[in-house]
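Hi everyone, thanks for coming.

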Amino acid sequence: MNKVTCECGHANPEGTLLCESCGNPIGEKEKKEDKKLLDMKYEGSARRSQTYKKTFVDKIWNFFSSVKVGVWLIFLTLLASALGTVFPQEMYIPPSVTASEFYKDEYGFLGQLYYELGFHNLYGSWWYMILVASIGISLVIASLDRFVPLYKALKKQGVTRHASFMKRQRLYSSTVTNEYDVELLKKRLTSKRYRVRVENGNILAEKGRFSRWGPYVNHCGLILFLFGAMLRFVPGMYVDEVLWVREGETAVIPGTEGRYFLENKDFIMEVYEKDKESEVFEEAITRVGDGSVVKNFQSNVVLYERKGEIVHGATPELTEVKEEEIRVNEPLKFESFSLYQVDYKLNELNKMTFSLIDKETEKSYGQITVDLLDPQTEYDLGNGYKVEISTYLPDFYFDEEGVPATKTRIPDNPAFVFKMFTPETPEGESSFVAIQQTIEPSGENKFKMKFEGIETKDLTALTVRKDLTLWILGIGGAIFMIGVIQGMYWNHRRIWIKREDDKVLVAGHTNKNWYGLSKELKSLVEDTALNMPKDQKEKE
């Protein structure tokens, strides 16, 4: 790198605007505009983005070092995040329906467009991850581009500053005097907690430099926070799933890679009853309705662990780990997982029983029990009698064209098209059976399917949560807040005093709270021959 030598003899990196040692303006723009106040934002130091502009790496560095680019990246990420909240994300839609059908059926054309554009899984999409990563890259590059040269400039700053540097500070005064008590001024500055350096009768007093690093501490915290957020999309680092388990069933726990299973032994729901509760609750129970306010809902479960390796298609061998009662805010915890009670569904249809009946004699030729969650296609009743399920509609309705269809795969309103085969009707007869209605085709059937009974089950919904990134997010947030406090409640103040022939020059600079610095300068020159520095910004 080429060096720019100041008249004081200090060699500055190419692109430096103010000499690192004496502060003499050495940039072309600063030399021409000698009446304007100096831009002290980065001490006039040579930033890489303003020096190197030739190679491809330089262009990438300069692009991400721009504050405007960083603001635009944050704006685009916020806009994309907002779009992700217009409709529910895929993880929150019923697991029994496909995503494309759900968005189209529930939200029409806009929902279908939402799905086609990929907003249904926004926060895990590759382009959203690129936006988040770009913000992190921008923070790293922008911080390095400014922090390193600023640190070097502040470390190398000399006590004796150039006269032009002094005159172009916001707070400045010039006094023609021979009365200049260095020890008195040093004592007063030290009493105000300034770090004072003296050189050939010139003074540099400084305090609060660490506040200048507040924004960069913020950036470190944000970078760590973004890193933690991106780790959530690494398999095994973060799980947030909903597990529905019916009474008496055992299901694999999501996120455990088939290692852990959960059995729902029993689901219990308790409600407040007017005659059994204290007088404190009577008014509320009366207003809402007796038996309408849930007092407690819990799942009595058993946690199992699979033994051996996973063999697809084979029944897993399970060993009991522990038995637990899961209530709201009382989760089941194991390893890094927590299972929270979040929802329930009472009396879901589970099995339906039908009889094959001779319509004329009402004679039954056998019964079939249909598992609504896993129905068979054929039921053999013996002696040449059998029933086939031609069509099964778990959540039956008629669409706009009057065609039978199903909304979901959950058996909330099941309907069947049965094909009945008997020795008398070897070609078979069809019957459409729904709850409380039987629709037969034109022509009279000899046989029919008669509803005999139904079996229901309660379901429990458990949130399966695992978060190995939480401590990273917490540390990142804490570092960010430290940076906020560091930059907000302290400020970097500097006072320069220089003897120039028969004059004494006084200048002051701070990154904020100019009023506080003015008060300190006033008390500094009080009862001395030095003039009080004036705010030169008021002249502009």
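**Pockets and a sheet**

Sorted by class, the residues lining the largest pocket are 22 nonpolar, 7 polar and 5 charged. Before I go on, please keep in mind that this is a predicted model.

That pocket holds about 1,100 Å³ of space. It has 34 lining residues, and M91, Y92, Y123, F233 and Y238 are the closest to its centre. Which element gives the largest share of the lining? That is β6, with 6 residues. Among the other elements that supply at least two residues each are α4 (67–83), α6 (126–156) and α9 (214–231).

Now to the second largest pocket, at about 870 Å³. Here 41 residues form the lining, and K41, Y42, R146, P215 and Y216 lie nearest the centre. The helices α4, α6 and α9 turn up again, each with at least two residues, together with α11 (470–489) and β23 (503–510). This time α9 gives the most, with 8 residues. By class, this lining divides into 19 nonpolar, 13 polar and 9 charged residues.

Let me finish with a sheet. It is open, with 4 strands in the order β7-β8-β9-β10 and antiparallel pairing. At the edges sit β7 (250–252) and β10 (317–326), each pairing on one side only. From one strand to the next, the twist averages 30°. If you zoom in on β7, you'll find 3 bridges joining that strand to β8 (residues 260–271).

How values were computed
Residues numbered from 1 in each chain as written. Predicted model: local features only at pLDDT ≥ 70, side-chain atom pairs only at ≥ 80, totals over all residues. Heavy atoms only, no water. Pairing = 2+ DSSP bridges. Axes fitted to C-alpha atoms, helices over the stretch in contact; angles between N-to-C directions. 1 Å grid on protein atoms, 1.4 Å probe; cavity = no way out; pocket = protein on both sides within 12 Å on 5 of 7 lines; lining within 4 Å. Points joined across faces, edges and corners; volume = space filled by probe spheres on them. Nonpolar A, V, L, I, M, F, W, Y, C, P; charged D, E, K, R; others polar.
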